[in-house]
Amino acid sequence: MIVMRIAVMAMVWCTALNVSAQVTGGDKVKPEDMVVDMNEPTMEPRVKVTRVLDKQGDSIQCVQLNRIYVYPAIAFKDEKQQQQYNQLVKNVKRVLPIAKEVNGIIIETYEYLQTLPDKKAKDQHMKKVEEAIKRQYSPRMKKLTFSQGKLLIKLIHRECNSSSYQLVQAFLGPVKAGFYQAFAWAFGASLTKKYDPKGKDRLTERVVLMVEAGQL
């Protein structure tokens, strides 16, 4: 229950009233329902087919593939450290698709809010959004562990270039942001956590890049 509430706080601002139809409709398997296979890629390599013009103006078809990342092998100190790495890979595979989903919905929600005539209409819409996200995402977030919920908060910052606290503040105001932050803090989490790909989250970034490229 605690994990679900923290994760919901991180996502409460990022959907629209028709989120079910946009995100959870159809037979698509949700990331948190996936059976994580450590030997299979979570995200399939993407192939982009396009055309370019040569100097003579002739059209030449070209294919653009995913980047391939090559890192030195990790020298684990012991079996426990290797298990921690394997758990990190599993957690990234489970929550990275959710973070990317959040980013897409934030953009759609922001664009929709720009069509509303005034602040009152926007506030009313966001109140309904808050109720809708709690109702629709709570069952999904219950399936995440506490560590996955905390990782999700960081990966949302990676995808959106803003902390969860900043996004809640922008969409729901400083009072709601302060309330959710205080609640998260009481259970050892923080919506202000930022992603540091060149520092303490360097190993996570390595895993994320390889998962995105379909290498993990």
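# Exercises on a predicted model

The disulfide count is 0, a disulfide being a pair of cysteine sulfur atoms within 2.5 Å. This is a predicted model, in which local features need pLDDT of at least 70, side-chain atom pairs count only at pLDDT 80 or more, and totals for chains, interfaces and linings use all residues. Residues are numbered from 1 along each chain as its sequence is written, and side-chain values use heavy atoms, with hydrogens and water left out.

**Exercise 1.** Classify Cys62 and Cys160 by relative accessibility.

Solution. 
- Take the cut-offs: buried is under 20% relative accessible area, exposed is over 50%, and partly exposed lies in between (1.4 Å probe, protein chains only).
- Cys62 has 25%, so Cys62 is partly exposed.
- Cys160 has 16%, so Cys160 is buried.

**Exercise 2.** Describe the salt bridge between Glu212 and Lys100.

Solution. 
- A salt bridge needs a side-chain nitrogen of Lys or Arg within 4 Å of a carboxyl oxygen of Asp or Glu. The count by this rule is 7.
- For Glu212 and Lys100 the N to O distance is 2.8 Å.
- Glu212 sits in helix 8 and Lys100 in helix 3, so the bridge ties together parts 112 residues apart in sequence. Helices here are DSSP runs (H or I, at least four residues), as strands are (E, at least two), numbered from the N terminus.
- Glu212 is buried at 14%, whereas Lys100 is partly exposed at 29%.
- Both residues belong to a salt-bridge network that also includes Arg158, Glu159 and Glu205.

**Exercise 3.** Locate the largest nonpolar core and the elements that build it.

Solution. 
- A nonpolar core is a set of buried Ala, Val, Leu, Ile, Met, Phe, Trp, Tyr and Cys residues joined through side-chain atoms within 4.5 Å.
- The largest one has 23 residues, and Val92 is among those with the most contacts inside it.
- Helix 3 (79-113), helix 5 (146-160) and helix 8 (202-212) each give two or more residues. Helix 3 supplies the largest share, 10 residues.
- Beyond four places in sequence, Val92 contacts residues including Leu151, Val207 and Val211, where contact means heavy atoms within 4.5 Å.

**Exercise 4.** Decide which element has the lowest mean pLDDT.

Solution. 
- pLDDT is the predictor's confidence in each residue, from 0 to 100. The chain averages 75.
- Over residues 1-26 pLDDT stays under 50.
- Where pLDDT is low, the predicted coordinates should not be read in detail.
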